[in-house]
Amino acid sequence: DLVDAPAKFDAPVVLDNTTDTITWNLNDSYNAVVTLTQPKPLTITNFYNGCVCSIHCYGSTLDFSDTAQYQLSANFGFLEPVDNEHMMYVLNRCGTKWIVSAVPVGGEEYE
């Protein structure tokens, strides 16, 4: 159901890393960045089936262990960031779950 899918460019929103769970409202943007000191779970709000969003995660990783919300893609976990790299997660809403892919990306912290 892509009837209400917006057609716009979204600059990344910087997510609050001070809470126990990272909360991302897709009304703000379909692209996000967050800097973490430890792994944290992610909750996404205001989405539709079939939407695709991406998040760049610096410093640590996101915790996608909640199998009720997330299904990890076949490539998930094969690559880990090294040195100055960070993780980029791509999430695709498919039915009742987010399908999560991940890839390390070079570059310093987001400013």
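**Figure 1. Ring pairs link F64, Y70 and Y89 into a cluster in this predicted model.** Rings of Phe, Tyr and Trp (its six-membered ring) are taken to pair if their centres lie within 6.5 Å; planes under 30 degrees apart count as stacked, over 60 as edge-to-face and the rest as tilted. A pair of aromatic rings is described by the distance of the centres and the angle of the planes. Across the whole structure, four aromatic pairs are found. One of them is formed by F47 and W98, with 5.2 Å from centre to centre and 70° between the planes, an edge-to-face arrangement. This pair links distant parts of the chain, F47 lying in the loop between β4 and β5 and W98 in strand β9 (residues 97–105), 51 residues apart. F47 counts as partly exposed at 33% relative accessibility, whereas W98 is buried with a relative accessible area of 1%. The rings of F64 and Y70 have centres 4.9 Å apart and planes at 75°, so this pair is edge-to-face as well. Both F64 and Y70 are buried. Here buried means under 20% relative accessible area, exposed over 50%, and partly exposed in between (1.4 Å probe, protein chains only).

The model is predicted: local features need pLDDT of at least 70, side-chain atom pairs count only at pLDDT 80 or more, and totals for chains, interfaces and linings use all residues. Residues are numbered from 1 along each chain as its sequence is written, and side-chain values use heavy atoms, with hydrogens and water left out.

**Figure 2. The largest nonpolar core has 23 residues.** A nonpolar core is a set of buried Ala, Val, Leu, Ile, Met, Phe, Trp, Tyr and Cys residues joined through side-chain atoms within 4.5 Å. The residues with the most contacts inside this core are W24, L42, I55, L62, Y89, L91 and W98. At least two residues of the core come from each of β2, β3, β4, β5, β8 (86–94) and β9. Not counting residues up to four places away in sequence, L91 touches W24, L42, I44, C51, V52, C53, I55, F64, Y70, W98, I99 and V100; contact means heavy atoms within 4.5 Å.

**Figure 3. L62 is found in strand β6.** This residue counts as buried, at 5% relative accessibility. Leaving aside neighbours within four places in sequence, L62 is in contact with I22, L36, K40, L42, I55, C57 and Y89. L62 and P41 are 21 residues apart in sequence and 5.7 Å apart in space, C-alpha to C-alpha. Two bridges join β4 to strand β6 (residues 62–63), and the two strands run parallel. In this pairing, P41 stands opposite D63 in β6.

**Figure 4. Strand β2 (residues 22–25) is joined to strand β4 (residues 40–45) by four bridges.** These two strands run parallel, and T45 in β4 is the bridge partner of N25. Two strands are said to pair if DSSP finds at least two bridges between them. N46 is placed in the loop between β4 and β5 (52–58). Phi of N46 is near 55°, a positive value in a residue other than glycine. Most residues other than glycine have a negative phi. N46 counts as partly exposed, at 42% relative accessibility.

**Figure 5. An open sheet of six strands has the order β1-β3-β5-β8-β9-β7, with mixed pairing.** β1 (13–14) and β7 (70–72) stand at the edges with a single partner strand each, so one side of each is left without a neighbour in the sheet. Two bridges join β1 to strand β3 (residues 31–35), and these strands run parallel. V13 stands opposite A32 in β3. The secondary structure of the protein comes to zero helices and nine strands; helices (H or I, at least four residues) and strands (E, at least two) are DSSP runs, numbered from the N terminus.

**Figure 6. C51 is in no disulfide.** A disulfide is a pair of cysteine sulfur atoms within 2.5 Å, and a search of the whole structure finds zero. For C51, the nearest cysteine sulfur is that of C53, 5.4 Å away. C51 is buried, with a relative accessible area of 1%. In the protein of 111 residues, buried residues make up 31%.
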